[in-house]
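Visitor: I am new to this structure. Please take one part of it and go through that part closely, then show me how the rest is arranged around it.

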Amino acid sequence: MSRKVTKSIVCPKCNETTQWDIYTSINAFTNPELRESVLDESLFKWRCSCCGHEARLTYPVLYNDMKNRFMVYLIPRIERFQLADRELEEEFKNLTNIKKRLVPDFNSFKEKVFIFESGLDDMAVEITKLAISETIAKKQKLESVTEGYLSMYDRETNAMGFTFFLGEKKQPYVQSARLEIYGKSMSIVKDFAEKDKKMVGFLKIDREWAENVLFRYKRAKHHLMEQQESDDEKPTLKTDEFKKKRIEIEIVNRPGNKKDAEKDIKKEP
């Protein structure tokens, strides 16, 4: 069930107090009409009944989609990697195969809903997004590109798209990518994020998380290359020496013929 409470809100323009219902928990299965209100943000719009001033309310809200088996908890400006609310974690600890995520803002909130409704893995999406953002930063000669969101996914055309915001003016920049990149990201998640996959609480899977995983991947890849180079530098037998040793081994291990074997038997006392 969705939950809502009545709050007293003081208008920043006329200072009058208005009573307003806000949803602290949304169940997309039992209240599907609230889904669209979440995605277009109309659910969070507030209007002063005295002067008509409008604003968007920002407050914690838990979004629950049991059909697609995910939960997203919006906590404005949260910085923690894992939720520190023991009571809430206890309430949902017995839910199995449910992805639970923490997000700090509306755009991340809506992106997670889009990712999970599309049947994608948000860990792999974050790694894909990070890799693409680094390429865009080099192409646009920027120090970094830190803000971006999945905005398109089409399995039939084998493509997914991201909208990034560049520079101080936050100019939108759309970049598409083939799903092979996402597939590569999935393999990185499998090899380097196994512990995170097994965690059952609410997690903040974002760019910072992706940077840590990608760092572990690049470090492992670097060590593997160093090992291969070390193996290549080890001395090996020259072709002639190898043939000689192989021949010697063949001669030593070559069985005698039948007559030689009979002679050896006769010589035995």
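Predicted model: local features only at pLDDT ≥ 70, side-chain atom pairs only at ≥ 80, totals over all residues.

Guide: Strands β8 and β9 pair in the antiparallel sense, over 7 bridges. β9 covers residues 159-166.

β8 and β9 belong to an open sheet of 3 strands, in the order β8-β9-β10. The pairing in this sheet is antiparallel. The edge strands are β8, residues 147-154, and β10, residues 171-178. Each of these edge strands pairs on one side only. From one strand to the next, the twist averages 25°.

A helix lies against this sheet. Helix α4 packs on it and touches β8, β9 and β10. The direction of α4 makes about 55° with that of β9.

α4 spans residues 122-139, and its axis comes within 10 Å of the axis of α3. The two axes cross at roughly 115°. From α3, the contact is made by Glu111, Lys112, Ile115 and Phe116. From α4, it is made by Asp122, Val125, Glu126 and Lys129. The crossing of α3 past α4 is right-handed.

β1 and β2 are antiparallel partners, joined over 8 bridges. Valine 10 stands opposite threonine 17 in β2. The hairpin of β1 and β2 has 6 residues between the strands. In that hairpin, asparagine 15 takes a positive phi near 65°. β2, residues 17-27, is also joined to β5, residues 61-65. β2 and β5 run parallel, with 3 bridges between them. Serine 25 stands opposite leucine 62 in β5. Isoleucine 26 has tyrosine 63 of β5 as its bridge partner.

Is lysine 100 buried or exposed? Its relative accessible area is 2%, so lysine 100 is buried. A polar atom of the lysine 100 side chain lies 3.1 Å from the backbone oxygen of valine 200. Neighbours within four places in sequence aside, lysine 100 is in contact with Met71, Phe92, Lys93, Leu95, Val200, Gly201, Phe202 and Leu203.

Move along to the loop between β7 and α3. Proline 104 is found there. At 23% relative accessibility, proline 104 counts as partly exposed. The C-alpha atoms of proline 104 and tyrosine 73 are 8.7 Å apart. Along the chain, these two residues are separated by 31 residues. Again leaving aside neighbours within four places in sequence, proline 104 is in contact with Leu74, Ile75, Pro76, Arg77, Ile78 and Lys204.

Finally, step back to the whole protein. Its secondary structure comes to 9 helices and 10 strands. Of its 269 residues, 36% are buried. Count the contacts between residues at least 6 apart in sequence: 59% of them join residues at least 24 apart. The protein exposes about 18,100 Å², and carbon and sulfur atoms supply 50% of that.

α4 and α3 cross at roughly 115°.

Methods:
Residues numbered from 1 in each chain as written. Heavy atoms only, no water. Helix = DSSP H or I, 4+ residues; strand = E, 2+ residues; numbered from the N terminus. Buried < 20%, exposed > 50% of the residue type's maximum accessible area, 1.4 Å probe, protein only. Contact = heavy atoms within 4.5 Å. Areas by Shrake-Rupley, 256 points an atom, 1.4 Å probe, with all protein chains shown as cover. Pairing = 2+ DSSP bridges. Polar contact = N/O pair within 3.5 Å; in protein donor to acceptor, adjacent residues only side chain to side chain. Axes fitted to C-alpha atoms, helices over the stretch in contact; angles between N-to-C directions. Left-handed = near helix turned anticlockwise from the far one by under 90°.
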